[in-house]
Every structure is written in structure tokens, then in C-alpha cells.
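User: I am new to this structure and would like to learn how to read its features one step at a time. Could we look at it together?

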Amino acid sequence: MKKFFLFLLFLLLLIGGAALWGYQHLTQWVQHPVNVQAEQLLTVERGTTGAKLAKLLEQEKLVDDATYLPWLLKLKPELNKIKAGTYSLEGVKTVADLLQRLNSGKEVQLNVRFLEGDTFKTWRKTLAKAPYLQQTLADKTEEEIYQLLDLPADLPHKIEGWLYPDTYSYTPKSSDLALLKRAAERMKALLEKTWAARDANLPLKNAYEMLILASIVERETALNDERGKVASVFINRLNKKMKLQTDPTVIYGMGERYNGNIRRKDLEEATPYNTYVIDGLPPTPIAMPTESALQAVAHPEKTEFLYFVADGTGGHKFSKNLQQHNQAVQEYLRWYRQQKSGK
């Protein structure tokens with residue numbers, strides 16, 4: 001009997017020692033390094049168990065052997081509050097770091113940039129390439145998307161101009177529609193605020209006309225400090241019932257036919273957007289304007305300018321009459337020829 005008790009005691013000590021060794025080994029393994037690649041993301045699906053997570057870590061080559069992970073999660077339940085999502089692994093160096101990240105629920109913030117002066121067609125291509133974004137609009141027409149964005153029903157169902165250009169952050173599995181709604185709500189709020197604070201006696205009937213003209217200003221110049229002058233030219237022309245004669249509207253009206261050059265016959269072609277032919281503003285915006293362009297239209301500089309032409313340095317030369325304008329055009333052409341000849 002004494003031998004039996006001694007054997008039992010020995011067995012208990014052996015088991016206890018093994019358990020202690022196992023506990024120490026697991027608590028040490030939590031500091032095991034993980035192999036994280038630059039900008040690596042990890043997606044954890046809903047309902048992922050410890051065993052599935054171990055397999056995932058091995059598949060993603062984060063660790064060579066994750067056999068201990070399920071046991072570790074059972075031993076330390078405070079580490080087993082893993083939330084489904086897609087996580088950035090930036091700064092993750094050990095298994096402990098990784099588990100802390102997965103327990104935090106703080107999914108990676110992704111970004112998509114919509115450029116000012118671009119068209120909705122270009123934005124759709126950018127949207128389609130955005131990673132981890134649910135694509136729900138691929139088979140929708142522009143008119144259908146217009147209605148989904150809750151844009152004014154009494155205006156042309158064209159999205160051009162209605163989305164504010166900026167960099168937008170989103171979490172994985174957000175929808176493309178949700179992202180566009182944010183851009184649309186921002187533009188609607190900005191347009192309403194800017195229209196309410198506009199200068200008196202502008203030759204614009206409503207906020208939509210301001211949006212149209214702002215899109216033209218956006219396309220004509222990227223220099224914030226001269227947008228007020230550009231806007232003044234168009235305001236002065238509208239007041240004098242002169243045609244706007246702005247090339248970006250011609251280009252927009254040409255659509256896919258535009259190849260980088262505008263010919264005389266293009267300037268004479270009757271399209272709804274050709275401001276060399278039509279009177280006043282085109283029927284819709286031609287691009288996505290910024291707040292700077294909207295403010296320029298709402299508060300244009302007080303000038304007598306009726307013309308402007310590129311000056312060869314990225315800006316424009318402004319003129320009060322056709323004679324001055326023609327001279328400025330000749331100066332630009334001389335500069336252009338010199339640049340081409342390399343002199």
C-alpha cells in the first residue's frame with residue numbers, strides 16, 4: 001500500500017510538473033515572433049474558432065506552427081475575445097501583439113481618393129478598384145445611382161458635380177454606395193451653405209447654376225489665387241449675355257471622341273455643352289468642384305475682365321477687351337513655339 005501511495009504521489013508530481021511546464025511553455029509561446037510583411041492585412045471571419053485561427057495564421061505564413069494557439073486561448077480566455085474583421089498588421093511583432101489587435105476590434109482604415117475636377121465616370125473606375133469595398137453599384141445606371149443618393153428629383157439626373165472630391169476613409173466590407181452618399185451629403189451641405197452666403201446680384205438663378213459654373217472654374221484653373229478672376233470673367237460674360245466660350249465644356253460634350261485636341265469643327269459642333277454655340281450655362285456640371293471653386297463663384301473678384309488665356313507658367317493672362325486678348329494669345333503662341341523648338 002505504501003508503494004502504491006508513493007507511486008501515486010510520484011504520478012501526481014509528474015503530472016503537475018508537466019502541467020507547469022506546459023503552462024510556462026504556452027505563456028512563453030505568446031511572445032513567439034510573427035512574420036509580418038509590409039502593409040499585410042488579415043481577415044478573420046465571423047465564427048472563427050481557435051483551431052481555425054491557428055490554421056489561418058499558418059496559411060498566411062505568420063507563424064510556421066500554430067499548434068499551441070487553441071490551447072493558449074483556452075488557458076487564457078481573456079485573449080479569446082477575437083472579433084471578426086480585417087486588420088492591419090503594422091506594428092505587430094509577436095503572437096501577443098497579434099491577439100491584442102484581433103481582440104481590439106479596430107479594423108484597418110482604408111482610403112480612396114477622388115480627385116477634384118474629375119468626372120463621375122472616372123470616379124466609378126476609382127471606386128471599382130478600391131480594395132475590400134463591397135461593389136453594389138456595378139450594374140446600376142447613373143440615373144439609378146442618382147436616385148439612390150437622394151439627389152434633387154427636379155434636376156437632371158446626372159451625378160456630375162454632386163460629389164465632393166476628397167480622400168475618404170472606410171472600413172473593409174463597407175459599400176460603395178455608403179461611400180458615395182458621404183461625398184454627396186457633403187457637397188449638398190456645402191452648396192446650400194455657399195449659396196446662402198453668396199454675393200448679391202449674381203446672374204445665377206439657383207444653387208444648381210452655381211454648381212455648374214463652379215465645375216467650369218474648377219476645370220479652367222488649378223490655382224486657388226486666380227479662381228476669383230476666372231469666375232469674374234464668366235460672371236461678366238453672363239451679365240453681358242455673351243457666350244461663355246470655355247474649352248472644358250466643349251471637351252465634356254465631345255465625350256469619348258476627345259483625344260487631347262480641339263479642332264475648329266469641334267468648336268462649331270452643336271452639343272448641349274458647347275458654350276461656343278449655346279447661350280449661358282451648360283445643362284449640368286462638367287466635373288466635381290472643390291469648395292475653392294464654389295467660393296470663387298459665390299464671391300467673384302470685381303473686375304472688368306472678359307477674356308483669359310494661358311500664360312505658359314501655369315496661370316492665365318486676363319484681358320478686358322478682344323484686342324488685348326488677341327495680343328495675349330499671340331504672346332502665348334510665341335512662347336509655345338519656342339518651347340516646342342527648344343530655343
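User: Which domains does the domain assignment give for the protein chain?

Analyst: This is a predicted model, in which local features need pLDDT of at least 70 and side-chain atom pairs count only at pLDDT 80 or more, while totals for chains, interfaces and linings use all residues. Residues are numbered from 1 along each chain as its sequence is written, and side-chain values use heavy atoms, with hydrogens and water left out. The assignment gives domain 1 (41-108), domain 2 (110-192) and domain 3 (197-342), the bounds coming from an automatic or database domain assignment.

User: How many residues do domain 2 and domain 3 each bring to their contact, and what area do they bury between them?

Analyst: The size of an interface is often given as the accessible area lost when the parts come together. Here the C-alpha centres of domain 2 and domain 3 lie 26 Å apart, and the contact (heavy atoms within 4.5 Å) takes 20 residues from domain 2 and 19 residues from domain 3. The two domains bury about 1,600 Å² between them, 67% of it on carbon and sulfur atoms; buried area is the accessible area (1.4 Å probe) lost on being put together, summed over both parts. On the side of domain 2, Gly-117, Glu-160 and Leu-191 lose the most area to domain 3, together 32% of what that side buries.

User: At what angle do helix α7 and α12 pack?

Analyst: Two packed helices are described by the angle between their axes and the distance between the axes. Helices are DSSP runs (H or I, at least four residues), numbered from the N terminus, and axes are lines fitted to C-alpha atoms over the stretch in contact, with angles from 0 to 180 degrees between N-to-C directions. Helix α7 (residues 176-196) packs against α12 at about 20°, with the axes 10 Å apart, and α7 and α12 are therefore roughly parallel, the word used for angles under 35 degrees. In this contact Met-187, Leu-190, Leu-191 and Thr-194 of α7 meet Glu-291, Leu-294, Gln-295 and Ala-298 of α12.

User: What angle do helix α8 and α9 make?

Analyst: Helix α8 (residues 207-220) and α9 pack at about 130°, with their axes 10 Å apart, and α8 and α9 are therefore oblique to each other. Among the α8 residues in this contact are Leu-213 and Ile-216, and among those of α9 are Phe-234 and Leu-238.

Key:
Helices (H or I, at least four residues) and strands (E, at least two) are DSSP runs, numbered from the N terminus. Angles under 35 degrees count as roughly parallel, over 145 as roughly antiparallel, 65 to 115 as roughly perpendicular and the rest as oblique.
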